[in-house]
Amino acid sequence: MSHEPISPDAPEWQREMHALRVEVRDLNAQVRGLVEAWETAQGIVKFMKFLGTMATAGAAIWALIGVARSAK
């Protein structure tokens, strides 16, 4: 698969094949970008879930300490 432009006197099927290869190469680059964005978004979601879990645990501990102090 060469990156050189195809000559204008090449048969029609070769010109079409070349155009399709160029388009597929461009689409591959776009898909790679989308996959990278998706993986980044998944990482952010996992981090946000972790923060939510830590906040919930902190609130539960805070409430438990408050209940223990009021029981004295």
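Reply: E12 is partly exposed because its relative accessibility is 44%; that label sits between buried (under 20% relative accessible area) and exposed (over 50%), worked out with a 1.4 Å probe and protein chains only. Keep in mind that this is a predicted model, where local features need pLDDT of at least 70, side-chain atom pairs count only at pLDDT 80 or more, and totals for chains, interfaces and linings use all residues. Residues are numbered from 1 along each chain as its sequence is written, and side-chain values use heavy atoms, with hydrogens and water left out.

Now for E12's partner: E12 forms a salt bridge with R15, and their closest N and O atoms are 2.5 Å apart. A salt bridge here is a side-chain nitrogen of Lys or Arg within 4 Å of a carboxyl oxygen of Asp or Glu. The structure holds 1 salt bridge. R15 also counts as partly exposed, because its relative accessibility is 30%. Both E12 and R15 lie in helix α1, 3 residues apart, which is about one turn of the helix. Helices are DSSP runs (H or I, at least four residues), numbered from the N terminus.

Let's follow that helix along. R25 is found in helix α1 too, and R25 is partly exposed because its relative accessibility is 26%. From R25 to A63 is 38 residues along the chain, and their C-alpha atoms are separated by 57 Å. M48 also has its place in helix α1, which covers residues 12-70.

Key
Helix = DSSP H or I, 4+ residues; strand = E, 2+ residues; numbered from the N terminus.
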